[in-house]
Each structure stands twice: as C-alpha cells, then as structure tokens.
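Please find below a note on the structure under review.

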Amino acid sequence: MNLEHYGWNTDWQQKWLQRDRKQHVPGRIVSDFGQMYRVWTSAGEVWGEISGRLKHEHQDRSELPAVGDWVEVQVLEQEERVIIHSVLERKTCISRQAAGVATVNEQIIASNVDTLFLVSSLNDDFNVRRMERYLIMAWNSGVTPVILLSKADLCPDAELKVAEMEGAAPGVPVHAISALEDIGRDIVSAYLGEGITVALTGSSGCGKSTIVNWLSEAGVQKTQGIREDDSRGRHTTTHRQLFLLPQGGIMADTPGMRELRLFEDEGGLAQAFSDIEEIGSRCRFADCKHEGEAGCAVREAVEAGVLEERRLSNYHKTQRELKFQAVKEARSRRKADPKGRGSKSGAPRKSSSYWTKQLMDE
C-alpha cells in the first residue's frame, strides 16, 4: 500500500531525508506487543523487532517505538519481518504516568496523533472533573482535543450534559453520539480525513472499541458490557492499535484507564482552565494565587456565581499535584546525577499515591 494511506506526508519525507537511510525504508508502528511490534510498510503489514543497538542506547521505555511512531526499518528478505533501527522525531506524543509503579515513569499512549477523542459515556460514570484531567493531558501532548459523549441513546438529558461539559472545556468541541442509534456519525467522520490520525482515550467501559467498530463498519474490536451497579466498564482493549478507516483516516484505540496520572505540565493546565486564567488576568496582583488575596478577580467571579467553586478547587488541586511532581522529579534527578552531568532519560522519579487518591476521587 501507499504510505500516504498510513499518514506519510511531505513533512515526514523531509525528516527522512535528513539522514542517509538508503539501506532502510520507513514504516509505522501499528501495535506494540512488548518485544515484538506490528509495522505498516509499503509492502504491507509485517512483524518487527528493535535492533540490539536501539535497545542499548535507549533504556527508557518512552524512547523506544510506540504505537503511531514512524520508524526506520531494515527489511529481512523472505522472512516477512523487519528490524527497527530508529524512531523518527515525534510530532506529538500523548503520555501519562505509568500506573501502579513506585517510580514516575512516562507511558506513551500514542504518538503522531492529530486529534484526540476524549470519550465519556452518558451514564452514571459521567464525570466532568475527570475530563478536566484528560484535557490537560491532551494540551500537554500537542494534539487537538475533541470530547465525545457516548451512549447518548441512554441519556434523556444529553443536551444538558453537553452544555455542562462545554462549560468545563472552553473552546473544545463537544459531541453527543450513539453507535447503537447511529447518532453523530457524520460529525465524527468529519475529523477523519485522508491520512489524519485520531486517537481514542477514556475510562474503561466508555465505548471506545464500540466507536472503532461503528466507524470502521466492521467488528474489528471486541466489546463488553458494563457493570450495572456502578456503570463502570471492564477492560476490553488490551493493547494499543492503529486501524485504517473507510473515511480515509487512521484511528488508534487504547486500553481504558482506571486512573490518569498526569506526567508533566507543558502549559496544559492553563489551556484546560483557560476561563480561570482569563479571569485571573484581571486580578490586582500579577502573582495572585486566587486564594483570598485582595482584588482577586477569580474569587469575585466565584462569589458572583460566574465561576463554579468546584472548578476553582479542582484547578488548585491539579496545580498542587503538578508542582509536587516537579519537585519530586528534580530531587530524584539530583540524587541520581549529583555532579549535574545530565541524563537523557532521567533518573527514576518517585510518585505519590496521595495525590492520585485526592484527585481521582473528585
């Protein structure tokens, strides 16, 4: 197949030509199985594994190939297999803190994504505060976020939920959809132009795999029901994978998240809470923390009912989490590299379950 079907374009071609790669060809990571990968090439989809040199030079897992990466591969004749020698510089990278570990490690969800669909179901698992965290992740990653409220056929007041979500996500498109009733297909398909890569993320059971099947018009992903007692889902997708869609785009499905630990802040906090940032620009003092200082325009907005108290509270909690994490990372790096020589991948960085519990309970 033509690589343009997989998202290859003139920008990637220019990156490719920056080095002598005459013995190799480009490919794109379709799925990651740990030691082995599925890779799209112009000759079709094949198995791939990383070279010993690449593995040795990059001890940090986040620097190894991830789903969505464009890679430099060596084709092994008559084996239908390739060796991955390098990863082209990522255009965008969606990541979070790896869950369930004692150190702060970056986990790549998908790379080189143009649009990120943040999926939340319109049932008892609907959570505006959780979506604020997903938005921070999206803005930090450099992708364009779009919120999809799935299972609209189960919600009698979907329009009110859309309005509520729009209030917490200034400037971000919000769409109520239903795969079962075929509601919103044209709206979603408009984001899936030729060669455009879109990723789906959200909590378990929000309907991501169902959306992939709906848009692909085929049962390419397994699906499961939700638990009736709390509307929470079960993990269905077990690994990340790219799919070519009939609309011409590429979609990345990802496993559902039980929790979302933010990895770092590259301005995502300010964008996710742009309404607070805008109001804060009118405070008397430039360094106002919005915690009771004289002339605080943000507190005045809360008292006037213009800004929701809980939204400001979540802003403060998320801000503290990111600051706490930055301090822990700096201390850990100094301990591992006391002479300041620097490390590309960084030293192991401690995390705190306290902040996860505080914020995910919101």
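1. Confidence. The model is predicted, and the protein chain averages a pLDDT of 81, with 78% of the residues scoring at least 70. Confidence is highest in strand β10 (residues 174-176), at 96, and lowest in helix α11 (residues 353-360), at a mean of 40. The pLDDT is below 50 over residues 226-231, a stretch that has 14 contacts in the model beyond near neighbours in sequence. Residues 341-362 likewise stay under 50, and the model has 49 contacts for them beyond four places in sequence.

2. Nonpolar cores. The largest nonpolar core has 68 residues, and Ile-84 and Ile-147 have the most contacts inside it. Helix α3 (residues 128-141) gives the most to this core, with seven residues. A second, separate core has 17 residues, among them Phe-117, Leu-148, Leu-192 and Phe-243.

3. Surroundings of Ile-84. With neighbours within four places in sequence left aside, the contacts of Ile-84 include Ile-29, Tyr-37 and Val-39. Ile-84 also touches Gly-48, Glu-49, Ile-50, Ser-51 and Leu-54, as well as Pro-65, Val-71, Glu-72 and Val-73.

4. Sides of helix α4. Which residues of helix α4 (residues 158-168) are buried? They are Ala-158, Val-162, Met-165 and Ala-168. These residues cover an arc of only 125° around the axis, and therefore lie on the same side of α4. On the other side of α4, Glu-159 and Leu-160 are exposed.

5. A buried serine. Ser-31 is placed in strand β1 (residues 25-32). Ser-31 counts as buried because its relative accessibility is 2%, against a cut-off of under 20%. Leaving aside neighbours within four places in sequence, Ser-31 is in contact with Tyr-37, Arg-38 and Val-67, and also with His-239, Arg-240 and Gln-241.

6. Cysteines. The count of disulfides comes to zero. Cys-155 is buried, with a relative accessible area of 11%, and Cys-206 is buried at 1%.

7. The structure holds 15 salt bridges. In one of them, Arg-81 pairs with Glu-49, the closest N and O atoms being 2.5 Å apart. Arg-81 lies in strand β5 (residues 81-87) and Glu-49 in strand β3 (residues 44-50), so this pair ties together parts that are 32 residues apart in sequence. Arg-81 is partly exposed at 23% relative accessibility, and Glu-49 is partly exposed at 27%.

8. Salt bridge between loops. Asp-114 forms a salt bridge with Lys-91, with 2.7 Å between the closest N and O atoms. Asp-114 is in the loop between β7 (106-111) and β8 (115-121), and Lys-91 is in the loop between β5 and β6 (93-97); the pair links distant parts of the chain, 23 residues apart. Asp-114 counts as partly exposed at 22% relative accessibility, and Lys-91 counts as partly exposed at 43%.

9. How far apart are the closest N and O atoms of Arg-129 and Glu-308? In this salt bridge the distance is 2.6 Å. Arg-129 lies in helix α3 and Glu-308 in the loop between α9 (297-303) and α10 (309-336), so the pair ties together parts that are 179 residues apart in sequence. Arg-129 is buried, at 10% relative accessible area, whereas Glu-308 is partly exposed, at 43%. Salt bridges with shared partners join Arg-129, Glu-132, Asp-275, Glu-308 and Arg-311 into one network.

Definitions and conventions
Residues numbered from 1 in each chain as written. Predicted model: local features only at pLDDT ≥ 70, side-chain atom pairs only at ≥ 80, totals over all residues. Heavy atoms only, no water. Core = buried A, V, L, I, M, F, W, Y, C linked by side-chain atoms within 4.5 Å. Buried < 20%, exposed > 50% of the residue type's maximum accessible area, 1.4 Å probe, protein only. Helix = DSSP H or I, 4+ residues; strand = E, 2+ residues; numbered from the N terminus. Contact = heavy atoms within 4.5 Å. Arc of directions from axis to C-beta. pLDDT = per-residue confidence, 0-100. Disulfide = S-S within 2.5 Å. Salt bridge = Lys/Arg side-chain N within 4 Å of Asp/Glu carboxyl O.
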